[in-house]
Amino acid sequence: MATPGENLRIDSARLWDSLMEMAQIGPGIAGGNNRQTLTDADSEGRHLFRRWCEAAGMTMGVDTMGNMFATRAGEDADAAPVYMGSHLDTQPTGGKYDGVLGVLGALEVVRTMNDLGIRTKHPIVVVNWTNEEGTRFAPAMLASGVFAGVIAQDYAYDRRDAKGLRFVDELERIGWKGTEKVGARKIHALFELHIEQGPILEAEGKEIGVVTHGQGLRWIECTVTGKGQHTGSTPMYLRRNAGRGLARVTELVHEIAMKRQPNAVGAIGHIDVYPNSRNIIPEKVVFTVDFRSHILSTLEEMVAEFNARAPGLCAEVGVKFSSQIVGQFDPPAFDADCVKAVRGAAEKLGYSHMDIVSGAGHDACWINRVAPTAMIMCPCVDGLSHNEAEEISPEWAAAGTDVLLHAVLETAEVVG
């Protein structure tokens, strides 16, 4: 087996041009992208990706969840393929790189292999997973979850957006419901390149994040119930203000996470207040707590403490508390050999690097359950993501893709 030298690099300018061309599809209003899953813009982006893959000599397969698989043949047709990729869908106010770098970086790896005539024992597959973001159709990482067998396809098909449109109907409408059975593919290993979506790498002056673990999460939907009354005529001592319960629980979430630093985070994100009128005391507040940690025992401790203390805090101010878990996955530890390949590639190429835990969920977290998996991260400016101002440099993009190239070639076994 031949070993690629440290001088082997991708075409940085070509990668950047591809990122900028994809960003023209589904433009946002402030320089980013609004290419939500199963929209016309998503379909247009998929068509461009397919054209690029076919021009690179790959064959395209699409499964019944709309996952796209572009295959570069290997020398051993019976060898399980090495996969790389991420997602092309974005947030409503998303950036140009979240997910997209992982897909187009993988495409650039194949283009570079073609340029240099590099052959591998294992086939190589570039994948675009459907509905990673989960903004239009919850939950996130929906199609990779079906692939990994942790989400039922019938459940996924019946997810509805804010307008009541079903996932499966929209998948068929845009013409990307394939015929391939979901999860039937063999995977030798999978690598996902992604922007960090956090500030650590930039703050530490590192070019590469070697992702050893992903964070597990628990989403807890909570309801605090009080009594809706006139804000002007109801004495303070007679109020049952659901907003006070929210305030107390907000501080509790922060306290629980802070006690477990540096291995835990927690916050309240989505909040609905009823009746949401300026002169009515809130009678009900529905909100979601997001706890995350890469240590399972820490995650479970946080949830247990929250459930034990939140009802009492609300009772003290005369309101009722109830909750249910509406989203969860346990923290994945990525495959040791794949992680070693990523770290070794960064060292061989001379890129500064550090081990890091992914603070967000990614498709690789689900695929890790059924195949050896690892992630590569590059910095993003100020750690900003899920925002149209999301930014990376061409140099960061190239470094991450160079590492992807070398890790994949080592795993796929270069021939000749």
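1. Contact here means heavy atoms within 4.5 Å. Axes are lines fitted to C-alpha atoms, for helices over the stretch in contact, and angles run from 0 to 180 degrees between N-to-C directions. Helices (H or I, at least four residues) and strands (E, at least two) are DSSP runs, numbered from the N terminus. With that in hand, helix H12 (residues 394-412) lies across E3, E5, strand E6 (189-195), strand E7 (208-214) and strand E13 (373-378). H12 runs at about 175 degrees to E6.

2. The model is predicted: local features need pLDDT of at least 70, side-chain atom pairs count only at pLDDT 80 or more, and totals for chains, interfaces and linings use all residues. Residues are numbered from 1 along each chain as its sequence is written, and side-chain values use heavy atoms, with hydrogens and water left out.

3. The sheet is open and has eight strands, in the order E1-E2-E5-E3-E6-E13-E7-E12. Its pairing is mixed; two strands pair if DSSP finds at least two bridges between them. Strand E1 (59-62) and strand E12 (353-358) stand at the edges with a single partner strand each, so one side of each lacks a neighbour in the sheet. On average, neighbouring strands are turned by 25 degrees against each other, direction ignored.

4. Strand E3 (residues 82-86) pairs with strand E5 (residues 124-128) in the parallel sense, over five bridges. Ser86 has Asn128 in E5 as its bridge partner.

5. E7 has two pairings to check. E7 and E12 run parallel, joined by six bridges, and Val210 stands opposite Asp355 in E12. With E13, E7 pairs in the antiparallel sense over three bridges; there Gly209 has Met377 as its bridge partner. Six of the seven residues of E7 are buried (under 20% relative accessible area; exposed is over 50%, partly exposed in between; 1.4 Å probe, protein chains only).

6. Look at Glu388, in the loop between E13 and H12. Glu388 is buried yet has no salt bridge (a side-chain nitrogen of Lys or Arg within 4 Å of a carboxyl oxygen of Asp or Glu). The nearest side chain of opposite charge, Lys96, is 7.9 Å away. A polar atom of the Glu388 side chain does lie 2.7 Å from the backbone nitrogen of Gly32. Not counting residues up to four places away in sequence, Glu388 touches several residues, including Ile29, Asn33 and Thr93.

7. Gly149 sits in the loop between helix H4 (142-147) and helix H5 (153-157). Gly149 is exposed, at 62% relative accessible area.

Technical notes. Lys and Arg count as positive and Asp and Glu as negative; His and the chain ends are not counted. A polar contact is a pair of N or O atoms within 3.5 Å; within protein, one must be able to donate a hydrogen and the other to accept it, and residues adjacent in sequence count only if both atoms are side-chain atoms.
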